[in-house]
Amino acid sequence: MKSIEPIEKEHLANLYFSKNEVIPEPELQKARLAKLFRSQTLGNLLQTKVLLTFKAADEQIYQVYTTVWAVGNDYISLKGGMTIPISSIIEID
């Protein structure tokens, strides 16, 4: 398994993402979505940042410390207009 690589939010534009789901279990997908909505609320009300762990198309796992501004059907939006597919997100801390 590859190590987790920290990445700055501004560098997310250089990454490619797979359409494959990183969490196969539906219950865990629901829990991830709940955490994302909680992160969105904290980000909008208190500008609270979270640590997002996600997998890129090259199978490398990254972590970014950022504010979640919006949660859509397929993507989350971060400050500065950056987006990450929800299906690529492994964990929210």
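Colleague: How many bridges join E2 to strand E7?

Modeller: Three, and the two strands run antiparallel. Keep in mind that this is a predicted model. E7 covers residues 89-92.

Colleague: Which residue stands opposite Glu91 of E7?

Modeller: That's Thr53.

Colleague: And in which sense do E2 and E3 pair?

Modeller: Antiparallel, over six bridges, with E2 at residues 50-55 and E3 at residues 61-66. Val50, for instance, has Thr66 in E3 as its bridge partner.

Colleague: What about the hairpin of E2 and E3, how many residues sit between the strands?

Modeller: Five residues, and Glu59 in that hairpin takes a positive phi near 75 degrees.

Colleague: Switching topic: how much space lies in the largest pocket?

Modeller: About 250 Å³. It is lined by 13 residues, and the closest to its centre are Asn73, Asp74, Pro85, Ile86 and Ser87.

Colleague: Which helix gives the largest share of that pocket's lining?

Modeller: Helix H1, residues 26-46, with three residues. By type, the lining of the largest pocket divides into five nonpolar, four polar and four charged residues.

Colleague: Last one, Ile4. Where is Ile4 found?

Modeller: In strand E1, which spans residues 4-6. Not counting residues up to four places away in sequence, Ile4 touches Gln60, Ile61, Tyr62 and Gln63.

Terms used
Residues are numbered from 1 along each chain as its sequence is written. This is a predicted model: local features need pLDDT of at least 70, side-chain atom pairs count only at pLDDT 80 or more; totals for chains, interfaces and linings use all residues. Side-chain values use heavy atoms; hydrogens and water are left out. Two strands pair if DSSP finds at least two bridges between them. Helices (H or I, at least four residues) and strands (E, at least two) are DSSP runs, numbered from the N terminus. On a 1 Å grid over the protein atoms alone, a cavity is a set of points where a 1.4 Å probe fits but cannot get out, and a pocket is an open set with protein on both sides within 12 Å along at least five of seven lines; lining residues have an atom within 4 Å of a point. Grid points are joined across faces, edges and corners, and a volume is the space filled by probe spheres set on the points. Ala, Val, Leu, Ile, Met, Phe, Trp, Tyr, Cys and Pro count as nonpolar, Asp, Glu, Lys and Arg as charged, and the others, Gly among them, as polar. Contact means heavy atoms within 4.5 Å.
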